[in-house]
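Good morning, and thank you for coming.

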Amino acid sequence: MVMSREQFQDLLDGYGADPTHWPESERAKAERLLDSDAEARAMLAAGRRLDALLERHTRVTQADDDAVGRVVKRLAGPLPRQQMTFWRWPTVLLDWEFSPAWPRVAALACCAALGFYVGIAGLDRPLDRLNQSSIMSRDISSVVFEPEGLTGAGP
Amino acid sequence: MDDSDEALMARIARGDEPAFRTLSRRHLPAAIGLARRILGNAADAEDVAQEAMLRVWTHAPRWQPLAAFKTWLTRVVVNLCLDRKRRAAWVDLDKAGEIVDPTPGAGEQAEADERERLLTAAIDKLPARQRTAIVLTYSEGMTNAQVAEVLDTSVSAVETLLIRGKQNLRRALAGVIDNKDE
């Protein structure tokens, strides 16, 4: 398939006059046109001149220290509030710096673990697993209530 | 300590102001330069650069390192410039003095200055997106795909912007480009 001059001009404008920047699919066709058409070669030369002109003219010069200093100075004031997303909050909490409180956190964790162990091992032990004879031998008179005087109700 | 852009952004996301200052000082020279090239006005360029860096600060917690930080910042600067272009009237070309070397000269230098002035005028008259596509392509050395990413559009749309932009420039600079004086 042959490339027209209009298509070649679009190629030059869209991708520049450097053939290495042209799409692979277009390069062979463009090179065949250049081999056979003097006008296309003139278009390429004009494209190179325009590219050179634009490269030189649009070259971005980095701002000088004075300009940077002015902007930095304006940024030195109180900064606005950052936009926080909901999913970010767990990360923020995990990012909290706990290091100064580590000893207290460790002590709290030990207390919690001890309380948990005592609760599991002692207070919740089922009655049927207790030593029945030791219970029967104890004097429990002090915990037996006297009948209620008025109603006559007893335990 | 990791001092990369991405590491600094992670610290900024946690509200680290010194990291923000470091990142600002690193990228402000290029950001101001790019904004100045697109807007053709130094004062506006500094305003845009300041606004861009404030957006870096406020958006840092939501920023995802899907693309290089510089690409993202370039997109922010370009969008702010295009917004400003949409809102404001065209800058008087005579006031875009920092683009043209004001050094007076004679002969060839005067011709070169005149050519620069014509080119400045022609580029300033381009629609904002065509102009931005040309600036990003030629000043930043971006490929069409990279320009498309910055402008948040397709590669074929960038191609169209460049084609139309250069057609406009050729019409405006008829006789200037043909001079074989490069």
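Let us begin with helix H3 (residues 42–59) of chain B and helix H4 (residues 69–87) of chain B, which pack at an angle of about 130° with their axes 9 Å apart. That angle makes H3(B) oblique to H4(B); angles under 35 degrees count as roughly parallel, over 145 as roughly antiparallel, 65 to 115 as roughly perpendicular and the rest as oblique. Axes here are lines fitted to C-alpha atoms, for helices over the stretch in contact, and the angles run from 0 to 180 degrees between N-to-C directions. Helices are DSSP runs (H or I, at least four residues), as strands are (E, at least two), numbered from the N terminus.

The crossing of H3(B) and H4(B) is right-handed. A crossing is called right-handed if the near helix is turned clockwise from the far one by less than a right angle, and left-handed if anticlockwise. On the H3(B) side the contact is made by B:Asp44, B:Val48, B:Ala49, B:Glu51, B:Ala52, B:Arg55 and B:Val56, and on the H4(B) side by B:Leu73, B:Val76, B:Val77, B:Leu80, B:Cys81 and B:Arg84. Two residues are in contact if their C-beta atoms, placed from the backbone, lie within 7 Å.

Residues are numbered from 1 along each chain as its sequence is written, and chains are lettered from A and ligands numbered from 1 in the order in which they are written.

The axes of helix H2 (residues 17–39) of chain B and H3(B) come within 8 Å and cross at roughly 140°, which makes H2(B) oblique to H3(B). H2(B) passes H3(B) in a right-handed crossing. Among the residues making the contact are B:Phe20, B:Leu23 and B:Leu28 of H2(B) and B:Ala45, B:Met53 and B:Trp57 of H3(B). The residues of this contact divide into 15 nonpolar, one polar and three charged.

Which angle do helix H7 (residues 144–151) of chain B and H8(B) make? Their axes come within 8 Å and cross at roughly 100°, so H7(B) is roughly perpendicular to H8(B). B:Asn144, B:Ala145, B:Val147, B:Ala148 and B:Leu151 of H7(B) meet B:Val155, B:Ala157, B:Val158 and B:Glu159 of H8(B). Seven of these residues are nonpolar, one is polar and one is charged.

Let us now take chain B as a whole. Chain B has eight helices and zero strands, and buried residues make up 37% of its 182 residues. A residue is buried if 20 or more other C-beta atoms lie within 10 Å of its own, exposed if 12 or fewer, and partly exposed in between, with C-beta atoms placed from the backbone. B:Ala121, in helix H5 of chain B, is partly exposed because 14 other C-beta atoms lie within 10 Å. B:Ala121 and B:Ala172 are 51 residues apart in sequence and 8.9 Å apart in space, C-alpha to C-alpha.

Chain A has seven helices and zero strands, and buried residues make up 14% of its 155 residues.

How many residues does each chain bring to the contact between them? Chain B gives 39 and chain A gives 33. The largest share of the chain B side, ten residues, comes from H2(B). That side divides into 18 nonpolar, nine polar and twelve charged residues.

Finally, confidence. The average pLDDT, the predictor's confidence in each residue from 0 to 100, is 84 for chain B and 79 for chain A. Over residues 90–102 of chain B, pLDDT stays under 50. Where pLDDT is low, the predicted coordinates should not be read in detail. For the complex, the predictor gives an ipTM of 0.74 and a pTM of 0.66.

How values were computed: This is a predicted model: local features need pLDDT of at least 70, side-chain atom pairs count only at pLDDT 80 or more; totals for chains, interfaces and linings use all residues. Ala, Val, Leu, Ile, Met, Phe, Trp, Tyr, Cys and Pro count as nonpolar, Asp, Glu, Lys and Arg as charged, and the others, Gly among them, as polar.
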